[in-house]
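Please look over the model below.

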Amino acid sequence: MTIWMREISRFLICALGAHAIGYVVIQVLPNPIYAMLGMSSGVGEISENLPHATQTKNYAERLLDTFRGDLGNTLDGVPVWQDLSFAIFASAPRLFFAVLIIASCLVAVAYAPKRVLAPVSNVATALAFLPPYLAPFLSLWLYVAVLPFLPTFSRQAEEILIVLGLAIPAAVFLTAQVASITIRNLDRPFVQNIRSLGAGELAIRHRLLHHVVFEVSPSLEKILVGLFTAIIFAESLFGASGIGSLTARAIRRTDIDLMLSVILMSAIVVGVLRLSAVGIRNLYGLKQ
Amino acid sequence: MRLKTYAAFAAVAALGLAGVFVFTQAPNAPAENERSTVTLPLRTFALNVDPATMADIDSRKVATTIHSGLVAVRADGSVHPRAAQTWSELEPGKWQFNLKPGLTFTNGRMVDANAVIESLCASMQPNHIQSWSLKSIAHNVTDDGVECTGLSAPDSQTVIVSESAPTPWLLDALSAPGGWIVDTTSQVGAYGERPGIGPYQIERVVPDGSVQLVARDGGAIEARLNQIVFDFVPDEQQLSALFAAAEIDFVELDSPRLVRLITENGAGIDDDVKIIKSDIDRVHVVAFNLSHLTELGMTPEQIRRFLSTYAGAVDRDAIADRSLGLAEPMLTPYPPFFGGDVAAPNSTSAETLSFEELPALTLITETDDYSDAIAAQLPGEVLGVKIERSSLDKGLYIQSIFEGKYDVALMKVEATHKTPLFWNAFFTPGDPYSSFGWPISEMTSVDVLADGAIEMTASLVQQKGNWIGVLRDVNSIATSDRISGLAFTASGQLSLEEISLSK
Amino acid sequence: MTLRIVILLGGVLLTCAAITPDIIGDPWAPPTLASPLGTDEFGRNHLIVLLSATGRSLVLGLIIASALIIANLLISYFFVFSRQRALSELSAIGVQTAESVPAMIWTLVIVSAFGGANWIGLIVTLFFVLTPFAFRVISGELSRLKQEPYIESLQLLRLPASRVLLFHIVPNAKQVLSVLALQVTGICIGIQGAIGVFGFANRSEVELGTILLRGRENMIEHPVIFISAIVGFFAIYLLLYQVLKAISSSPSEHSPASVI
C-alpha cells in the first residue's frame, strides 16, 4: 500500500509539475497575434477582435479552471476539451494498431530462433540510431508512390501508412531490447537446466516471455513517449487529424490553452503507464 | 490456463475488429455526392474566415465561398452583381446600389439596406483589418470610432455610398473582404464564422483535416455545386499525387517544386489538366532595416550606396528563370509602377565610402521552398559586407520585422485589392503597414489620383525607401478538366464562389 | 586495424566539418567528375555538402554528448552519493516530471522561444531536453555502483570525490556511458530535421537532419539527397559504434588493490 501511495503521490506531483513548467516555458513563446494577423499585427485595435489570442489569465486562474473542468478555448474559439477529445478519438485507432504491431514484434523476437537474435539485435540497434521521423517520411513516400494504383483506397492506404510510420520507431527500439534480453536469458543456468530436463524450445520461450515482459516494463513509458513523438510527425506530415496534428498546431500557433492541455494529458498518460509498470513488477513479486 | 489464453486472444481479436471498423471510418471522409462535390486543397490549417481579422491566404479561399459584397469585380475589370442587383453612379463618387430581393444571411436573417450599412460601417472601424480599403467613403473620426457619414439607406432595398473624393477602386474595395456583407448582430463563432451572404455555408470543420461547405438558398448568387470540401494537404508531393489521382481538383502552383511535380514529371500534364495563369498583385521584395543599418554605423550616404549596389547586384532574370514561370523580374521597389531601371550607383563621393568594418548582415525569410530558392540566389556579399541567410517560422518572422529586430528580410507581399493605397501604406508615416516598409514623410502629401503620381511615388520610394524589388508573381493554377468557374479579383486573388463542374 | 580505419575516417569527417560549401553552378545539375552527386537546390556540390554536414553533425553530437555526460555525472554523483534521501527523492521526481512530457514538445517550444533553429538555441534546447534522460540513466548506474563493495571501501577511506568519480566510477560505467553517448549523439544529429518538419529549419543549413528533411521533400525528383543523408547517419553510427565498443570492451579497472 505504501508503494502505491508513494507512486500515486509522485504521479500527481509530476502531472501538476509538468503543467506548471509548461506554463512557465510557454511565456517566452512569440505572441500568437503575429502569426494570426501577419502584417496587420501592428494595429492594436484589430487584436481586440481575437479574444482567444489575448487572454491574460494567470497560472492560478488557469489551474483552478482546469480543476473545474474548463480547459479554455483554442485560438479558433473552439473549446479545448472538444478539440482534444476529437483528436484523441481520431488517433486512438492508429495508436491501437501501432501497439498491436509493437506487441507482435515483441512476441516475434521473443520466439525467434537463437541464431537470428544477434543479427536482429545489431540491425535493430543500428536502425534505432536513425531519427524517429524517418519512418513517417518513408511512409509518406510510399503513399505517394502507391496512390496512382489505389485511388479508391487512398484513405485506407493513408491510415495504414500513418500507423506503420508511427509504430516502426518504437518497434525497432523494443526489438533491439527484447533481442538482447532474450540472448542473455537463453544463456542463463536455469534455462540450461530445464532444457537438459527435456523441455522443448517453445516451452522455454514461453517461460522466458514472462521475463521479457517483466524486463521491458520499465520501458513502457519510453515506448509511449516514442509513440507520441512519432504520431506528431506522422499525422503532421500526412495532414491527418489527431493528437499529433493538434500538438503541432498548438505549438506552431502558440495556442496556450491547447498546449497546456496537451502537456497535462501527456503527463497523465505517462503517469498512468508508470503506475502500470509498477503494477507489472509487483505482479512478478519484485518489491520497489 | 488454455481457456484463459484463448479468451485473451478472442478479446484482442474482438477489439481488433472493432478497431478496424472504427479505423476505416476515417473522420476526414466527406459525405459523398460525387457528381456535385469538388475537393480543393488547403496548404495550412489556421482557419479564420472572419473578414475583420482574416489574414491568411487559405482562409481567404474558403471565405470567398461563404461571403460576398455588393458587387464582384473581376480581373478583367468587369463588375458582377452580388448583394446589389443593379447599381449606378449618381455623380462622381456617389453610388446607388439596389439590393436583390429575398437575400438572406446564412442564419436566415433578411438582408436589407440597414444590414448592409451596418456591415460596411463595421468594416470602416479601426478594429477591422480591412478598414484602410474603405477609407475613401466619407466618414468622421471620433473618439468612439468612425462615423460613417458616407453610407445611407433611402429605403430598405437601396444603399447609397458616397466617397469624400471619387476613386476608381471603390467597387473593387466593396467586392474585397472589406466590403463583404456580414450579419453584425451575430456573435463570431468558431473559426471566425459569421453569417454571410455567399452561396455556401460551413457544414463541418474537421480540425487539422478538412472544411466541408454545403450549398444554401438565399445567397448573393446561386451555388453551382452541392458541396465543396477543402482538404488539408501540407505536403507538396502528396498534393501532386492526389491531383494526379483526381482526388483533388486544383493545385495552386506556388513553388517551383510544385511546378516540376505537376507539370514536368508527368503527374497531371495530360489532356485532363489545364493551367490557368493570371496577373496578381503579389511581389517579392528585399526590405532593409534602415534603423538597424544606421545603428551599425552606416551613414545615410552609405545606406543609399549599399541599397542601390545591392539592387544592381540582384540577378532578377536568373531568379525569375528558376521560378519556372511563377514570376517575372521586378526592377522597381514600388509595385504599382511597371517601368524604370534600377538606379545606377552614384559614382562621385561614393568611391571613398568604406564598408570594411561593418559586420555581416542576416537576411531572414519565411520557411518555405520558394522563399529559400529566391534567398539562395540573392547576393551573399555586397561592397564587402557579407549577407547570411536564416529562415524563420511565420510568427517569429512577422514578429522580427514588426519589432525591427532584423537586418534584411525577404518579404512576399500580396495586395487584397487593386489600389496604390495598399502599397503606399508601407511608406506613409502612421499607416498600418509602415513597420514592414519605411515611413517617408513626403508620402503624406502624395495624391494618388494626380497625374504622374505613380511615377513620382516610385521615384520617392527608390530614393528614400527600404525596399528592393525582386520578383512580381504570376498566378498559376493547375486544374482538372472536371471543374470550371475559377475567377480572379482585380488584384488577382482567387475567388471560388462560382466554382462548378464542367459540362 | 578496423579501429584505426574508423579513427582515420572520423578524422576525415571532422576535418570536413570546417568546409563551407559554395555555390558552384545551377540547382539540380547532373553529376559530373567534379561533383559526383550533382548539385542541390542551392547549386552547391552535394558531395561536399554531405561530407561537411556529416562532419558538423558529428561534432555537434560529440560536443553535446560529452558535455551532457560530464554535467550529469557530476550532478548524479552529488544526488546519488548524498546522504540525504530527500535529495534523491527530489531528483527522481524532477526527472519524472520533466519526462512526463515528450521531449519533442519541449524541443519545439524552446526552439520556438529562441526564435528558430540557431545553434545556441539548439544547444540549450538539447541540454534542457536530454538532461532528465541522461540523469536518469547515469544516476541509475551510479546507484548500482554505489552498492559495490569497492565503492563502499573507497568511501570509508574518504578518498576525494573527484578521484572516486574519475578513477573508479567512470571506468566501471563505461558500457552504460557508451550506449548513452551513442543515443544522445543520434538525437543531436537528427534534431534539426525534426524541428524542420514543423517549419523551424534553416534549409540551407549544412547538417544531416536538414539534409534528410530536404531529401524527403525531393524524394521523388532527387532521391540521392535522401539516400545520401541516410548513408551519412549510418557512417556516423558505425564510426561511433566501433569507437565506443572499443572503449567499453577494454577491461574494467577494478580490484580492491587499486583503491590506494
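## Helix crossing in chain A

A crossing is right-handed if the near helix is turned clockwise from the far one by less than a right angle, and left-handed if anticlockwise. The model discussed here is predicted. In it, α11(A) passes α13(A) in a right-handed crossing. Helix α11 of chain A covers residues 220-238, and helix α13 of chain A covers residues 256-283. Their axes come within 9 Å. They cross at roughly 150°. Angles over 145 degrees count as roughly antiparallel, so α11(A) is roughly antiparallel to α13(A).

Which residues of α11(A) and α13(A) make the contact? From α11(A) come A:L220, A:E221, A:L224, A:V225 and A:F228. From α13(A) come A:S266, A:V269, A:V270, A:L273, A:R274, A:S276 and A:A277. By class, the contact has eight nonpolar, two polar and two charged residues.

## Confidence in chain A

The average pLDDT of chain A is 86. A score of at least 70 is reached by 95% of the residues. Among the elements of chain A, helix α5 (residues 80-110) of chain A has the highest mean pLDDT, at 94. Helix α3 (residues 44-47) of chain A has the lowest, at 74.

## Make-up of chain C

What secondary structure does chain C hold? It has ten helices and zero strands. From the N terminus on, the order of elements is α-α-α-α-α-α-α-α-α-α.

The C-alpha trace of chain C spans about 70 × 45 × 25 Å along its principal axes. Chain C has 260 residues, and 47% of them are buried. Take the contacts in chain C between residues at least 6 apart in sequence: 64% of these join residues at least 24 apart.

## Helix packing in chain C

Helix α1 of chain C runs over residues 2-16, and helix α2 of chain C over residues 46-81. The two pack with their axes 7 Å apart. The angle is about 100°. Angles of 65 to 115 degrees count as roughly perpendicular, so α1(C) and α2(C) are roughly perpendicular to each other.

On the α1(C) side, the contact is made by C:L13, C:L14, C:T15 and C:C16. On the α2(C) side, it is made by C:L51, C:S52, C:T54, C:G55, C:L58 and C:V59. How do the residues of this contact of α1(C) with α2(C) divide by class? Six are nonpolar, four are polar and none is charged.

Note on methods. Residues are numbered from 1 along each chain as its sequence is written. Chains are lettered from A and ligands numbered from 1 in the order in which they are written. This is a predicted model: local features need pLDDT of at least 70, side-chain atom pairs count only at pLDDT 80 or more; totals for chains, interfaces and linings use all residues. Axes are lines fitted to C-alpha atoms, for helices over the stretch in contact, and angles run from 0 to 180 degrees between N-to-C directions. Helices (H or I, at least four residues) and strands (E, at least two) are DSSP runs, numbered from the N terminus. Angles under 35 degrees count as roughly parallel, over 145 as roughly antiparallel, 65 to 115 as roughly perpendicular and the rest as oblique. Two residues are in contact if their C-beta atoms, placed from the backbone, lie within 7 Å. Ala, Val, Leu, Ile, Met, Phe, Trp, Tyr, Cys and Pro count as nonpolar, Asp, Glu, Lys and Arg as charged, and the others, Gly among them, as polar. A residue is buried if 20 or more other C-beta atoms lie within 10 Å of its own, exposed if 12 or fewer, and partly exposed in between; C-beta atoms are placed from the backbone. pLDDT is the predictor's confidence in each residue, from 0 to 100.
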